[in-house]
Amino acid sequence: MTGALPTVVRFEVFGTVQGVGYRPFVHRLATGLGLDGWAANTGGHVEGVVAGDTSAVEDFLVSLRTDAPALARVRRVRRTAAETVERGQLARPGTGFTVRGSSVGHPGSAGPREIPPDVATCEACLRELLDPRDRRHRYPFISCTDCGPRATVVEDMPYDRVRTTMRRFPLCPRCAAEYADPADRRFHAESLACPDCGPQLAWHAPHPQRALGPDRGTYPERDPEPLRDVRSERGILAEGDLLSSRDASTGHAPGPGCVPVPERAADPGRAAGQGHVPGPERAAVPEHAPSPGLAPTPKHVPSPDPERATGPAHPPGPERTPRPAHLSSGPRDAQRLSSRTVLRGESALRAAVEAVRGGGIVAVKGLGGYQLVCDATDAVAVAALRERKQRPVKPFAVMVADIAAARELARVPATGRAALESPVRPVVLLPARRTAVAAGVHPGTRRIGLFLPTTGLHHLLLRALAGPLVVTSGNLAGGPIVVDDEEARRVLGSVADGFLVHDRPIRARYDDSVVQLSGRRPSTLRRARGLAPVAVPLPVAARTAVVAAGAQLKHTFALATGNCAQLSPQGGDLADAATLDAFARSYAHLSRLTGFVPAAVAHDLHPGYLSTQWAHAQRLPRVPVQHHHAHLAACAAEHGLRGPFTGVAYDGLGLGDDGTLWGGEILVGDLTGCRRAGRFATAPLPGGEAAVRHPWRMALGYLFAPEVLGAPRPYSWLVRSFTARFDPREVAVVRTLAERGLNSPRASSAGRLFDAVASLLGLADTVGYEGEAAAALENASDGARAEPLAHRLVRERGLWVYDPAPTLTDLLERQHAGEAVPRLAAAFHLAVAGATADMVARVVAAGAPRTVCLAGGCFANRRLLAETRRLLRAQGLRVLVARSVPVGDGGISYGQAAVAAARLAKE
């Protein structure tokens, strides 16, 4: 530079700016503008110094935000005058721009540290993966600056290779050259690897000589011919080509081309002491649960231990079948493998493909945990997976190779394609076509959950098998997803016929995200891989750092500080010691990564929730938040709403301010508090939790012991048409429980009313997972037109109350007259939407805000949401629904954080 002195500015960029290619972007930007200086990761942000022409420096500072990489989320850019720049940080004129080594910084000194989510394989890496001329051809762990693992491999911040699980894999000379080359796509790509220096595949079959079954035959000892990519008809590399020199040096031979797949016999029992939850989806609960709590109570609540990185080594219980040897993949893994059943590299992949092709179930070590994989068109394989995994009816997700394959299985609109192809690669619920997919994949629903490959390994499996695959979480029903190799051997040994593993450790559990299409944009149902732990803005800044403990079902937690809350991945139901321990570990890990130190804890009111008990075990000031207020606050906070709102919160159950069970609520308030303005009429839950698992009990509760609000009950002969389907002795017992209030807590629940109607229509008398009956009712109503069922509002103790008695009477009469189930299901949805609109209209007429938030798990029902929103908008009301945060219990922690932040800000 010549002439005038250069302008020198120190810059700091905050947000999700590590692990997203931001430093390479800054380097390209500064170099293109002819600026000198440097950039580095510091703590959780990017900082640096830039020097040069004033106009170029100004352009640089503006572009830091406006032209940031697609994966980055820039929240703030801070500039500092030249005179405050330390001498050692200055750049000498003419030296160019460099990327310096990272520094740890001081946790919390520059705001929360944001963790980048995992990103699906990008198009550039996919082209290399499929190019026989590329040195990463068919390498399952291919990645670059724009894709690959992040949240599941990071061990500390700032985000650099030495602080991820990739530190176990020193770069080879060629990868090191790419890492250091500013012109290369892998410049400072921390997950960079290749077949010579990166993670490797291994295959382990616990029972290599076991037959597949009478109709399957057995597999030969070797492949009769080389495995081929069926989709492209290009030959696969010769056996062993994918093995690195590391394997050769340790003497691990590739082994035979294929290992026979174990027997597919069902194993309905499970070994004792393995930490799984009995029952279809939840912990077993006595038929007569105590009132009013419906949540299990633990013997103790462990505090998080940040030093514990993996699960405890529980000894296996009595075994029904021999267990596999330790799962490992190479000399860097501390565990040992049985050489008799181990294959590596391309041979391992070939064995897994042949296992699935032959009808087997394979446990695949994915990004955020193990996944169970089988042929989605094989009814026997799908049935075996359901029986072994103890998941009788809940739909499975299906992975397909590309959009063309997705369109063969479902109708894919433009919004669906955009969601499928996004870097998140979520499971997208789409209208299913009549195809060869086994009926057991998504029973009871016309929608199918599809997603595209997320890693190079998934791409290779899909292309070799040339068909859709069931890809579901690697766990037993109700348990946390398995991430540890030893844990996989213990927990999944009775489920999987073989294990396709690798030697890159998984540092955090992340299941697949799930979205559905509602209106013009997708709505999040499960916020996990690719979406979490991305920070979500808070309308009122958290001046006090708050950990929000979440609810019980679909559990998440949130770390709130400053203007954002970082949400954990959804981890399933918090139902037992195993899931509680997984929560505690996840909290400790994410807190350490983000530098989060809580000063308060927000929690639900329900004393039986494990999350509430965990909150009470923390030595912190507590902020209790009512369940439905948290639902509505999550919706309001996502939309940046700080003022008052009218809220409609419909879900299964939540403890109310008055100590009773709520679930069909009209609330008026703001982030700091709310008051009840309307509700559904109450009905008993005969047997407590048993009524949730058996909707026919809930129906009897509504028929025999409804809240007395003046409406006549249905004629006895109409009721008999329903009760005749069941054992008279059981009906008598349940009726007695309901009418006498014995072990039958009452609830004003919209979700339980949906359950009752589903049973009355013969759609679901017993359920295997939460929300199954309501989903069946929504499915039945899909596309049907009908006149709404009758509904009635009454004024009771200062509240507007929806009395469903006329609705149920009308339902039974029209059913008796022969009206079709789909029309009746649609008519019920219209009745609930109409009752809701009428209650809101009365509340607004009395002075409530005209902005209406819809929240709670019932609004995952697209028919209910669409009809309710239509009627409210017809009244000229502004209607808000959460999209990036789940409307159900997966969003509760975010709502708790927003409420706590607002309350503490007023103190």
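Entry 1: I began with Glu114, whose side chain has a polar contact of 2.6 Å with the side chain of Arg75. By polar contact I mean a pair of N or O atoms within 3.5 Å; within protein, one must be able to donate a hydrogen and the other to accept it, and residues adjacent in sequence count only if both atoms are side-chain atoms. I found another such contact at 2.7 Å, this time between the side chains of Glu114 and Thr16. I located Glu114 in the loop between β5 (97–99) and α3 (123–130). Helices (H or I, at least four residues) and strands (E, at least two) are DSSP runs, numbered from the N terminus.

**Entry 2: what I am working with.** I noted that this is a predicted model, where local features need pLDDT of at least 70 and side-chain atom pairs count only at pLDDT 80 or more, while totals for chains, interfaces and linings use all residues. Residues are numbered from 1 along each chain as its sequence is written, and side-chain values use heavy atoms, with hydrogens and water left out.

**Entry 3: is Glu114 buried or exposed?** Glu114 is buried, at 4% relative accessibility. Buried means under 20% relative accessible area, exposed over 50%, and partly exposed in between (1.4 Å probe, protein chains only). Leaving out residues up to four places away in sequence, I saw Glu114 touch several others, including Gly44, Met157, Ala535 and Gln566. A contact here means heavy atoms within 4.5 Å.

**Entry 4: cysteines.** How many disulfides does a search of the whole structure find? It finds 0, a disulfide being a pair of cysteine sulfur atoms within 2.5 Å. For Cys197, the nearest cysteine sulfur is that of Cys175, 3.7 Å away. I also checked burial: Cys197 is buried at 5% relative accessibility, and Cys564 is buried at 10%.

Entry 5: Next I picked α21 (residues 805–816), which has 12 residues and spans 17 Å from first C-alpha to last, close to the expected 16 Å. That expected span is 1.5 Å times one less than the number of residues. In α21, 9 of the 12 residues are buried, among them Pro806, Leu808 and Arg814. Their cover includes α16 (695–704), β28 (792–796) and α22 (821–845). After α21 comes Gly818, with a positive phi near 100 degrees.
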